There are 4 protein chains.
Amino acid sequence: MYSFQNDYSEGAHPNILRALETINYHQNNSYGLDEHSDNARELIQEALEDYSVDIHFIAGGTLTNLTFISHILRPYEAVLSADTGHINTHETGAIEATGHKVFSIPADDGKLTPDLIRPVLKLHENEHWVEPRLVYISNPTEVGTVYTKEELEALYTFCKRHGLYLYMDGARLSMAMAVEETHLTFPDLPDLCDAFYIGGTKVGAMFGEALVIVKEEFKDHFRFNMKQHGAILAKGWMMGVQFEELFKDGLYLELGRKGVAMAQVLKDVFEKTGIPLLAPAPSNQVFPVFPDALAEAVTERFLTTFQCKPDPEHTCLRFCTSWATSEEAVRDFVSEFEDLASKFNR
Amino acid sequence: MYSFQNDYSEGAHPNILRALETINYHQNNSYGLDEHSDNARELIQEALEDYSVDIHFIAGGTLTNLTFISHILRPYEAVLSADTGHINTHETGAIEATGHKVFSIPADDGKLTPDLIRPVLKLHENEHWVEPRLVYISNPTEVGTVYTKEELEALYTFCKRHGLYLYMDGARLSMAMAVEETHLTFPDLPDLCDAFYIGGTKVGAMFGEALVIVKEEFKDHFRFNMKQHGAILAKGWMMGVQFEELFKDGLYLELGRKGVAMAQVLKDVFEKTGIPLLAPAPSNQVFPVFPDALAEAVTERFLTTFQCKPDPEHTCLRFCTSWATSEEAVRDFVSEFEDLASKFNR
Amino acid sequence: MYSFQNDYSEGAHPNILRALETINYHQNNSYGLDEHSDNARELIQEALEDYSVDIHFIAGGTLTNLTFISHILRPYEAVLSADTGHINTHETGAIEATGHKVFSIPADDGKLTPDLIRPVLKLHENEHWVEPRLVYISNPTEVGTVYTKEELEALYTFCKRHGLYLYMDGARLSMAMAVEETHLTFPDLPDLCDAFYIGGTKVGAMFGEALVIVKEEFKDHFRFNMKQHGAILAKGWMMGVQFEELFKDGLYLELGRKGVAMAQVLKDVFEKTGIPLLAPAPSNQVFPVFPDALAEAVTERFLTTFQCKPDPEHTCLRFCTSWATSEEAVRDFVSEFEDLASKFNR
Amino acid sequence: MYSFQNDYSEGAHPNILRALETINYHQNNSYGLDEHSDNARELIQEALEDYSVDIHFIAGGTLTNLTFISHILRPYEAVLSADTGHINTHETGAIEATGHKVFSIPADDGKLTPDLIRPVLKLHENEHWVEPRLVYISNPTEVGTVYTKEELEALYTFCKRHGLYLYMDGARLSMAMAVEETHLTFPDLPDLCDAFYIGGTKVGAMFGEALVIVKEEFKDHFRFNMKQHGAILAKGWMMGVQFEELFKDGLYLELGRKGVAMAQVLKDVFEKTGIPLLAPAPSNQVFPVFPDALAEAVTERFLTTFQCKPDPEHTCLRFCTSWATSEEAVRDFVSEFEDLASKFNR
């Protein structure tokens, strides 16, 4: 039975494995200063249509977040995050461990807006409070929603007006960009935030994320901070090679479209069977809210993840597809689930 | 015009000044290892009827909180605090700067209860989350409420059952203990939490708080952590002498009763003139909620502190009395305020 | 021309690539909780003949060092390291960034001994000093020397007697164990220190080190600290698979023997041509000290690393072989170098 | 018997006690934003003949050092200190606890020079090393030596040329300035370093140091960092009043001259009796090196501090005088010591 528990349970896209094998005995410069990493950086810059950005490859999202955020903040500066934000919940206090408060802002759909941030700024009036400085968003969010280009424009404009930085956690960036309604393209990104990362782990790589630093003043000495946090890999070209492959011929975006397409089939069957969703699910994560009995039956038969209990009689589960989810796996699920649901609907 | 802005705008109780002068040329051991500090420790132990506790004098509440909390937590452990808790708002991220997340729990009256904490524990299920370990409370709270002995018993029982530590920030402890309904006495304290501090700065001292460590395992090597955070004063006996005076003949509790008595006069005039309060105000801080126009008039005439705007038409101000507030100052205020209010009530 | 600059310029052992390809589409549990990681852990335990140790896979040496060391020390505790120790020089203050002092002890051959540590302990007498708690050693050291089993026994006995922990950085452990005179075998290791790591990156893996925790009290909650430092990889089985291969049929030790054998050929040619070494070079790193003119000629013709200038007329270079260095590459070097040296010896 | 153990065993100068008493019931603004602190700042600026510097009062030297240093460094930047430097030895790793490496430079007389620093800069070549950024000196040093104006000029010129900051720990600044050969005056100081602190605790205050920030870019948001480290005192005027008194009519310098004069009497008797010194002792600390038997006899009869054992047969003790040391105390010591020494010289 195929598992919908997450989008990081399979290996790497075959192009990546092939490339790693091809160059295996070639001697490379170490620490990410090799030609594959350089080439991957260029391919990404080309996709972004911006050759001024700095790009660093780091082995994992938490490591990327903590290394970047600790680099740009002064000791008394804080991060604003949606309460569901990954750094606020699922990174074991990694940001606080570097000394900075994460100020949590309740947001039902996991998205931050100027209206949500404005009162927080007002509250922080003097040196007895931390100084809000960085707005952290994830796109897609942890509840499966995505930001439109317009929403990002409004948010970034607001940030710049208030001396805030904007950083986007793109662990599943490809999955957000595959959602057509967002109208988000690669060349938009450097205009919409001060830095972001292009997630590889959840989009076809073995491991590795590409941090893109747009804002000039954040570039200086960044490799010192990487090394200090153990974020420079000796054999850095291992990530360079992977991003070379992901950014050849649009593979990165293609893998996202694949993952999203599969998830939308799941969404359709939930809608068809009258199961409401926790939040709109345009991307590769779907959060159906089942009556408890059905949730139990689903959990027994399928591999999925518990999300929350929105009320005492209902259970929300997460269904997640990946770049490697096959149409067959989805078809099998749909047919089995329809059977199951029909028994409960009687 | 007397200022009600806070309870730390006046100097020290005259007994303290006199004592400091008396011993001025005596040579003392440094770093808090002198006979005055030892004597003060004994007097406090006597009041607590517990000679097993460790007592350290530290020059300020934030320094006490951050030194103690960073001492007892492992890197991935977090603090639970009411959203209004001093460490969560007014200490510029001091706890996070030592590496620990402060998890903020909304609490209208500033008080934590088992019912508020239970769901938070459930949420933190594995190594992707910080591990909740310390419950931080302030007594009185930042909105002027106090814990009864019963509430503290219930909270501590809950904490022990769930492997949580309980720490009480007693910046104004004397002011909480002066509230008769709490039924809280000194000998109760070591049975009601793992550690607490007895605030001096806001109760008649020039500066200095007495941290009382009850739990055995927290005592070890604490002076190392103090020194590392700059919390060992070279002339430590300066604090020893102050606490000697505060704990002679019940002066510490007397000063609290004085402060609270004065605040209750203020509370009475607000109630008499129909001004509602933000929260019950049994202690030395009163938070009247004025119609905006009256708030403005009050602010023009009296020295007080802006607290918040509970709604667009009202403004809440803080009135704070101290051990040094005179009956005359309060009487003057009452009479002037009644005049003012009567103009607005017409 | 083959590069002797370091031992991390080539890819992975072919068995590893093959294994990763074989399981590519299998769905695995995430975060290192998969069957390959479990199996690798068992294979390592088997080699160590100790099934009680905990084993964690982490993507890099600096990340392993900082995660482990920050886990076991209390805030005021310090690490003792040889002045050449990797954490003291080449990790950009990673340990200090977690809050702990690294006390540097001058050691010509890069090795710590009880005699070197004893006076340091005496110096640190009270709470004004950090508390020395962890002895960090690397084996092989950064100057190419290795510890014998006897030396490790003496050091660990000393540590235990003085309440110190002993941790061994085994980035090139296989290269130390390949040196016969050390008499060091896998089953010895859990008896000789409280924790150590078995380096993969420099011994045939793409990336990944296996941290082995021996001391019981260090095991608790370690995954929390890993996650906090970004040291849990989503696709953790990528490292599990690699260590499965390295610990099948003694491959790990075989690769070390290979690397060391190649380096010894280099050493021989230096000795034969009358070039002294900076330190004894029994392992895979050789540090010849050339007259400046020869050093310059060597640097022009071969790829190697500058180490230091022991005096104004001489230059020390590092020659490093790896598991992948071929006999042919070494033979070519020897022949070319002999030519070169003969010109200078005339 | 008068104790020469340290210069912080007596209380405060009587002017200070009198001033605190006079204003005791006056209500002041809190957190150092009061008129006494403002006035003290102006008096200090006047002495420095520089009205552009920022001045902050902090309760203790370690707290001042850690708050300032953590404010100005980026995460990967390090401090250079003489091996005897206070932050490197006697502050329990306080700087490392804020995340920064202290690089220790051996210096026999406790003083740093360009020649000592130059090779350290060369060593730190890239992102694998911390980035040396701040030079920390204490004046007087921990072994009683002082910097001349010329030495400070040379050092600061060197620092500026190499992008280093220079910070002077002036815990006993008055005692250094009392040494005539240094030719150091208050107006020189802002031209000789980027920041320094004027120690109060060891020069007649109850507690408190005045941090003087010269470099423009260090001034911004400094109070945020102070609050975060618990370095803003609620009743901040307590320090303001003290520095008002110390900087009225040259009292601060007068107290230094007094302390130094008394120490020089001690130095003379040691020289007269043929006791060598550990280092030149122009200030208020003298470090005589006694044959062990005499050291023992001295220790039995007088209160002094063990410093070190320069060789197995000798013991070095520290004799320290203060602003409050009386001529009589010194006279008594001299006469008793001469008796004692004569018995050993026979």
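Predicted model: local features only at pLDDT ≥ 70, side-chain atom pairs only at ≥ 80, totals over all residues.
1. On the division itself, domain 1 of chain A runs over residues 14-246, and domain 2 of chain A over residues 251-345. The centres of these two domains of chain A, taken over C-alpha atoms, lie 28 Å apart. Contact between them involves 27 residues of domain 1 of chain A and 21 residues of domain 2 of chain A, and the two domains of chain A bury about 1,800 Å² between them, with 67% of that area on carbon and sulfur atoms.

2. The side of domain 1 of chain A that touches domain 2 of chain A receives at least two residues from each of α1 (14-22), α8 (173-177), β6 (195-199) and α10 (237-246) of chain A. Of the elements, α8(A) gives the most to this side, with 5 residues. By residue class, the side of domain 1 of chain A that touches domain 2 of chain A consists of 14 nonpolar, 8 polar and 5 charged residues.

3. Turning to the contacts between chains, the one between chain C and chain A takes 45 residues from chain C and 45 residues from chain A. The area buried between chain C and chain A comes to about 3,900 Å², and carbon and sulfur atoms give 57% of it. Across the interface of chain C and chain A there are 0 salt bridges by the rule applied, whereas the count of residue pairs in polar contact, both at pLDDT 80 or more, is 27 for chain C and chain A.

4. Several elements of chain C give two or more residues to the side of chain C that touches chain A, namely α1 (14-22), α3 (61-72), α5 (94-97), α9 (222-228) and α10 (237-246). The largest share of that side comes from α1(C), which provides 4 residues. The side of chain C that touches chain A divides by class into 23 nonpolar, 17 polar and 5 charged residues.

5. The contact between chain D and chain A draws on 20 residues from chain D and 20 residues from chain A. About 2,000 Å² is buried between chain D and chain A, and 53% of this area is given by carbon and sulfur atoms. Three residues, Tyr76(D), Glu127(D) and Phe224(D), supply 35% of the area that chain D buries against chain A, which is more than any other three residues supply.

6. Between chain D and chain A the count is 2 salt bridges. In a salt bridge between Arg223(A) and Glu127(D), the side chains meet at 2.6 Å, N to O; Glu127(D) is also one of the three residues that together supply 35% of the area buried by chain D against chain A. The number of residue pairs in polar contact between chain D and chain A, both at pLDDT 80 or more, is 8.

7. On the side of chain D that touches chain A, α3 (61-72) and α9 (222-228) of chain D each supply at least two residues, and α9(D) gives the most, with 5 residues. The residues of this side of chain D divide into 6 nonpolar, 8 polar and 6 charged.

8. Chain D can be superposed on chain A with an RMSD of 0.1 Å by a turn of 180° and a shift of 0.1 Å along the axis. The two copies are thus related as by a two-fold rotation axis. Within chain D, the C-alpha nearest the axis belongs to Arg74(D), at 3.9 Å from it. Here too, 100% of the interface residues of chain D are also interface residues in chain A, so the copies meet through the same surface.

Technical notes. Residues numbered from 1 in each chain as written. Chains lettered and ligands numbered in written order. Heavy atoms only, no water. Contact = heavy atoms within 4.5 Å. Buried area = accessible area lost by both parts, 1.4 Å probe. Salt bridge = Lys/Arg side-chain N within 4 Å of Asp/Glu carboxyl O. Polar contact = N/O pair within 3.5 Å; in protein donor to acceptor, adjacent residues only side chain to side chain. Nonpolar A, V, L, I, M, F, W, Y, C, P; charged D, E, K, R; others polar. Least-squares fit on C-alpha atoms with pLDDT ≥ 70 in both. Domains from an automatic or database assignment.
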